[in-house]
Structures are given as structure tokens and as C-alpha cells.
Amino acid sequence: MKTAIYPGSFDPVTLGHINIIKRAAAAFEKVIVCVMVNAAKDSGLFTPEERLELLKKSIHVDNVEFDINRGLLAEYAKQQNARVLVKGLRAVSDYESEVQMALINGKLNPDLDTVFFPSSEKYTYLSSSVVKELARYHADLTEFLPREILEDVKSKIAEKEKCR
Ligand code: ADP
């Protein structure tokens, strides 16, 4: 089975991510959307477990599965028998770091290749960080987030604001 892994922070999942997941699901037999826990930048808005739940709430496609990984992606791919990583490319600014990561992952696991999906025009400007920034100003997020998680994001932001 041709399995691809789509790794990311997904803090939270946006419509830009959903667009890539659907396109990857059409291209591969199985897609594992994996919340990567990055030791260096661990203080997200949502915990990795919450991010996973938000992903599960947002998209229901038969050949898409969800997981969390705290280790090295190249090793995780081996365990999952996956030979492809999926990445979304928004702008030229994504390109440099993504190609660097692709080369490193290929070095660590020579069976692993990276496939890039260009962002849909509609979502080129969209990132989880932009969404979080807008949420802090109570902006309307319906064009950026899956509707299933709108309330979760609003209430999490409100909760964080209260603690400040
Ligand atoms: P971010 O916090 O920047 O949104 P993530 O780590 O959650 O990033 O993103 C995971 C993957 O999804 C990366 O390959 C990233 O380039 C891609 N991605 C994120 N947002 C979009 C978007 N709007 N369109 C296409 N790809 C995207």
C-alpha cells in the first residue's frame, strides 16, 4: 500500500492544511496526518493531543488516519512503512527550509522521498500563526478554519487571555 505521511504542527489545523490533506488522499492509498511534537518549539496554543482531536473533528476521509509522533520523522516513516512525506508549499519562503528538511530526511532514511503540493491560491497567505493572531483580536475566522473547530479555537484563546 502506498502510504504517505503529512507531518506538521497543526496548532490548529486550518483550511490550508485540509486542502493539502484532501489532495494527498486523492494521490495516495493511505495518508497519515501526523502531529509532530517538536522539542525546540513546544509551547503551542493546543497540546499535541488536543491538536489531534481537532484534526479528527475536522476531516473524515476513509484513507486518512491521524497520529502523534515525538521522535524523528525519518524513523517514524520506517515504522509506518511509508516512503513519501507530503508537504505544502505556500510561498518561496517555505521552499528553502522545506527542501533542506527533505534532503535531511532523505539522508536519514534513503527510502524516503518528499512530495510538495503547491498551496491552493485561496490559502497561500494562511498559516496557523496568522489564525492565532487574528483570533486574539476576535476576528471572524470562518474563512480560515474548519467550522467544526471554530468554537474550540475561540474558547482556547479566551481561556489563555484570562490567564494573562
Ligand atoms: P504552519 O504553522 O506554518 O501553518 P504546520 O507545521 O502546521 O505549519 O504545517 C504543516 C505543513 O502544511 C507544512 O508543509 C506547511 O508548509 C503546510 N501548510 C501550512 N499551511 C498551509 C497552507 N495554507 N497551504 C498549503 N500548505 C500549508
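His138 is exposed in the predicted model, at 68% relative accessibility; exposed denotes over 50% relative accessible area, buried under 20% and partly exposed the range in between (1.4 Å probe, protein chains only). The residue is found in the loop between α5 (128–136) and α6 (150–163), where helices (H or I, at least four residues) and strands (E, at least two) are DSSP runs numbered from the N terminus. Phi of His138 is near 60°, a positive value in a residue other than glycine.

The model is predicted: local features need pLDDT of at least 70 and side-chain atom pairs count only at pLDDT 80 or more, while totals for chains, interfaces and linings use all residues. Residues are numbered from 1 along each chain as its sequence is written, and side-chain values use heavy atoms, with hydrogens and water left out.

A positive phi, near 50°, also occurs in Phe10, likewise a residue other than glycine. Phe10 lies in the loop between β1 and α1 and is buried, because its relative accessible area is 1%. The loop between β1 (3–8) and α1 also holds Pro12, which is joined to Asp11 by a cis peptide bond with omega about 0°.

His17 is placed in helix α1 (residues 15–27). With a relative accessibility of 16%, His17 counts as buried. Leaving aside residues up to four places away in sequence, His17 touches Tyr6, Phe10, Pro12 and Ser128, contact being defined as heavy atoms within 4.5 Å. Between His17 and Lys87, which are 70 residues apart along the chain, the separation of C-alpha atoms is 9.6 Å.
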